[in-house]
Amino acid sequence: MKITLTSLSTKNLATLAQRIINSSQTGNYTIVENHPLLLSLIASYQNYDTVYAKLTYSGKGKEVATADKERDVAFSNMKAFLNGYRKLTSVANYQDAEALYKVFQTFGLDLDRLSYSAETAQLKKLIEELEKPENTQRLTNLALATAFTELKTKHTDFEVLFAQQAEANGDLRQIASASSTRKELEQVLRSYLNLITAMKDVPDWTKLYHDLNEIVKAAKNSSLSTNGTNEPTL
C-alpha cells in the first residue's frame with residue numbers, strides 16, 4: 001500500500017482516513033478493533049476533522065473582500081462626483097462641491113487603496129467630518145445625502161464582517177496548528193497502513209489488507225482527478 005499522503009488535498013486526506021477507519025471497524029476485523037494504532041488514528045482524524053470543518057465553514061475572506069470593494073465604490077463615486085461638479089463654476093452650489101472635495105483631500109483621495117485597517121481609520125474620520133452640520137447641508141444642496149448614507153452603510157457592513165472574520169480567526173488560533181494537525185494525521189495513518197502491509201501474509205490480516213488497499217487506490221485516483229481544485233489549506 002503505497003501512497004504519498006502529503007500530495008493529497010485536505011478533503012481527500014480526510015476522506016481516506018475516514019474510510020480506513022470505517023472499514024477497520026466493520027466488525028469483520030476484531031484483530032485491529034482495539035489496536036493502539038487504530039485508536040490513535042481515530043483520535044488524530046477527529047482533531048483534523050474539527051480544524052478542517054472550521055476552515056471550511058467559518059472563513060469570511062471573500063465576504064470581507066466584497067464588502068471592502070463595495071465601500072470603495074461608494075467612496076469613489078462620491079469623490080468623482082465632487083471632483084467633476086466643483087469644476088462647473090457656472091452651476092449652483094459648485095462652492096459646496098469644492099468645500100466637500102477638500103474634505104476628501106484631507107483624509108486621502110486614495111484611501112480606497114489602503115490596507116483594510118488604514119482605510120477603516122481614515123474613512124471613519126471622513127464620515128465624522130461629513131456629518132458636521134455645515135457639511136451635511138452641503139451634501140443636501142448637492143443631492144448627495146443618499147449617496148453619503150450608502151457610503152456609511154457600506155462601511156458599517158464591512159466593519160461587521162471584518163469583526164466576524166477576526167473572531168473566526170481567533171477561534172482557529174485556539175485550536176492546534178492546522179499544519180501540525182495534518183502532519184500528525186499523516187504520520188499515524190502512514191504507521192497504520194504500514195502495520196497492515198507488514199501483516200498482509202498472516203491469514204487473519206490478509207482480507208483487511210486487500211480491503212484497505214482498494215481504498216488507498218481510490219484515494220490515489222481521486223487525488224489525480226481533483227488536482228488543481230481550490231480547497232481550504234491545512
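This is a predicted model: local features need pLDDT of at least 70, side-chain atom pairs count only at pLDDT 80 or more; totals for chains, interfaces and linings use all residues.
Of the 234 residues of the chain, 35% count as buried. Among the contacts between residues at least 6 apart in sequence, 74% join residues that are at least 24 apart.

Helix α1, which spans residues 10–24, has 15 residues and reaches 22 Å from its first C-alpha to its last, a value close to the 21 Å expected at 1.5 Å a residue. The buried residues of α1 include Leu-13, Leu-16, Ile-20 and Ile-21, and also Thr-10, Asn-12 and Ser-23. For Ser-23 the relative accessible area is 19%, and Ser-23 is therefore classed as buried, since the cut-off for that class is under 20%. When neighbours within four places in sequence are left aside, the contacts of Ser-23 are with Tyr-29, Leu-212 and Ile-215.

Two helix pairs that share α5 were examined in turn. In the first, the axes of helix α4 (residues 61–85) and α5 come within 8 Å and cross at roughly 135 degrees, so that α4 and α5 are oblique to each other. The crossing in which α4 passes α5 is left-handed. On the side of α4, the residues that take part are Phe-75, Met-78, Lys-79, Leu-82, Asn-83 and Tyr-85, and these meet Tyr-94, Ala-97, Leu-100, Tyr-101 and Phe-104 of α5. The residues of this contact of α4 with α5 divide into nine nonpolar, one polar and one charged.

In the second pair, helix α5 (residues 94–107) packs against helix α7 (residues 133–141) at an angle of about 125 degrees, with the two axes 9 Å apart. This angle makes α5 oblique to α7, and the crossing of α5 and α7 is left-handed. Here Asp-96, Ala-99, Leu-100 and Val-103 in α5 meet Asn-135, Arg-138, Leu-139 and Asn-141 in α7. The residues of the contact of α5 with α7 divide into four nonpolar, two polar and two charged. Leu-100 of α5 is named in the contact with α4 and again in the contact with α7.

The backbone was next considered at two loop positions. Most residues other than glycine have a negative phi. Asn-93, however, has a positive phi of about 70 degrees although it is not a glycine. Asn-93 is found in the loop between α4 and α5, and with a relative accessible area of 28% Asn-93 is partly exposed. Ala-143, likewise a residue other than glycine, has a positive phi near 60 degrees. The place of Ala-143 is in the loop between α7 and α8, where α8 covers residues 145–173, and Ala-143 is exposed, with a relative accessible area of 66%.

Arg-190 lies in helix α9 (residues 178–198) and, at 35% relative accessibility, counts as partly exposed. Although Arg-190 and Met-1 are 189 residues apart in sequence, their C-alpha atoms are 9.7 Å apart in space.

Technical notes: Residues are numbered from 1 along each chain as its sequence is written. Side-chain values use heavy atoms; hydrogens and water are left out. Helices (H or I, at least four residues) and strands (E, at least two) are DSSP runs, numbered from the N terminus. Buried means under 20% relative accessible area, exposed over 50%, partly exposed in between (1.4 Å probe, protein chains only). Contact means heavy atoms within 4.5 Å. Axes are lines fitted to C-alpha atoms, for helices over the stretch in contact, and angles run from 0 to 180 degrees between N-to-C directions. Angles under 35 degrees count as roughly parallel, over 145 as roughly antiparallel, 65 to 115 as roughly perpendicular and the rest as oblique. A crossing is left-handed if the near helix is turned anticlockwise from the far one by less than a right angle, and right-handed if clockwise. Ala, Val, Leu, Ile, Met, Phe, Trp, Tyr, Cys and Pro count as nonpolar, Asp, Glu, Lys and Arg as charged, and the others, Gly among them, as polar. The expected span of a helix is 1.5 Å times one less than its number of residues.
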